[in-house]
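Hello,

Here is the structure you will be working with. Please open it first, then read my notes below.

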Amino acid sequence: MDATRRALIAAAALAALAPRAPRAARAAEPAGDAGVLTTILEAELALAYVYASAVASGLLGEELAEAAGTLAEHERAHAAAIATQLEALGGRRPDPPQTPEEADAMLAGLGIEARLGAVSDGDGFLRVALAAERVAVALYHRAIARLEDVRLIQTAASIIGAEGQHLVVLRDAIGSDPVPSAVEIGQS
Amino acid sequence: MVSRRRFVVAAAPAVLLAGCGAGAGEDVPEPKTRRVTSVQGDIELLQGAIGRERAELALYEALDHDLAGRFAEVEREHVERLTAVLADLEAAPGPAQDAGARRAGADAALEIEGEAIAFWLDALPKLYDPATRSLAAGILAAEAEQLAALRLALGRDPLTEPFVYGWTRHAAR
């Protein structure tokens with residue numbers, strides 16, 4: 001690899017990280033239910049951005065673009081519900097990503113390796129969305145065991161079902177088994 | 001001998017109250033934001049759940065559909081996993097739920113999946129043991145996936161609403 005290419009990759013990596021510090025380095029990470037909700041909200045915001053980008057790209061077929069539009073609406077509804085409950089607990093809602101780089105930084109902060117910046121076709125969007133949905137399911141799955149407030153548990157339960165249904169649509173679109181596990185725990 | 005899970009679950013309410021400093025003359029946590037069920041509540045919910053899962057299994061075993069065999073496997077695993085939790089709690093599974101006059105058609109499968117989602121959504125906040133709640137969340141998600149996959153296979157919209165509530169909120173219709 002030549003020096004110019006290395007420099008470009010390094011610059012891209014820095015740009016992707018610039019808008020947000022890594023999760024581990026953030027100051028005053030909220031604890032308890034608020035902390036759980038903050039991480040979940042980041043996943044919802046990233047997913048909403050991924051689906052909106054997929055629709056705007058024109059790279060999906062008509063049917064998939066329509067589904068992606070619905071999925072974006074779902075994620076925005078989830079984000080709104082979680083943000084309301086986070087603020088009721090005194091937490092601060094994270095800023096939604098405004099650019100692919102900010103979305104990729106948010107995905108990276110959640111431990112998701114797939115990147116919007118690397119997408120060049122419709123399948124690429126589906127694979128980024130699939131990776132992010134699996135992490136979202138895992139976050140809700142863990143949250144339901146950890147949350148203290150029963151109302152939050154109920155909200156999380158109604159959303160984990162919806163995220164599971166999103167997985168079915170994405171798996172069907174890429175031709176994989178729509179229900180591969182009897183107990184859906186996503187992927188951390 | 002009391003199993004470890006049973007001991008931990010039974011002891012948890014006392015630890016929780018001690019941790020909150022609740023005692024005579026002191027404020028106790030707001031009831032509506034606290035789970036008040038304990039091990040016996042978990043047992044009763046799980047016994048009901050197994051009866052429901054068995055009814056789903058029977059329906060898929062009788063259903064003539066491409067997804068039926070795979071979904072029967074899913075329901076069988078739910079029964080096995082829930083039975084194992086109950087065994088750890090030294091309790092027996094409840095009787096199989098009467099599926100009534102439900103016919104083994106695709107609409108019946110949509111209906112029973114919607115009912116299962118509604119059941120688990122109601123049960124989840126009532127489950128005391130976090131590990132059991134975690135398993136229940138994974139089962140709920142799988143039931144929601146089955147509902148979407150069935151709808152997809154039937155040429156219907158798999159994404160009916162952003163919050164899944166089950167048949168009581170027309171998701172299965």
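Start with helix α4 of chain B, residues 106-123. This helix has 18 residues. From its first C-alpha to its last, α4(B) reaches 26 Å, close to the 26 Å expected at 1.5 Å a residue. Keep in mind that this is a predicted model.

Which residues of α4(B) are buried? The list is A109(B), L110(B), I112(B), E113(B), G114(B), A116(B), I117(B), A118(B), F119(B), W120(B), L121(B) and A123(B).

What covers them? The cover includes α2 (39-62) and α5 (130-153) of chain B. It also includes α6 (150-174) of chain A. So look across to the other chain too.

Now the two chains together. In chain A, 35 residues are in contact with 33 residues of chain B. Three elements of chain A give two or more residues each to this side: α3 (62-88), α5 (122-146) and α6. Of these, α6(A) gives the most, with 16 residues. By type, the side of chain A that touches chain B divides into 20 nonpolar, 10 polar and five charged residues.

Last, chain A as a whole. How many helices and strands does chain A have? There are six helices and zero strands. From the N terminus on, its elements run α-α-α-α-α-α. Chain A has 188 residues, and 48% of them count as buried. Take the contacts in chain A between residues at least 6 apart in sequence. Of those, 72% join residues at least 24 apart.

Best wishes

Conventions
Residues are numbered from 1 along each chain as its sequence is written. Chains are lettered from A and ligands numbered from 1 in the order in which they are written. This is a predicted model: local features need pLDDT of at least 70, side-chain atom pairs count only at pLDDT 80 or more; totals for chains, interfaces and linings use all residues. Helices (H or I, at least four residues) and strands (E, at least two) are DSSP runs, numbered from the N terminus. The expected span of a helix is 1.5 Å times one less than its number of residues. A residue is buried if 20 or more other C-beta atoms lie within 10 Å of its own, exposed if 12 or fewer, and partly exposed in between; C-beta atoms are placed from the backbone. Two residues are in contact if their C-beta atoms, placed from the backbone, lie within 7 Å. Ala, Val, Leu, Ile, Met, Phe, Trp, Tyr, Cys and Pro count as nonpolar, Asp, Glu, Lys and Arg as charged, and the others, Gly among them, as polar.
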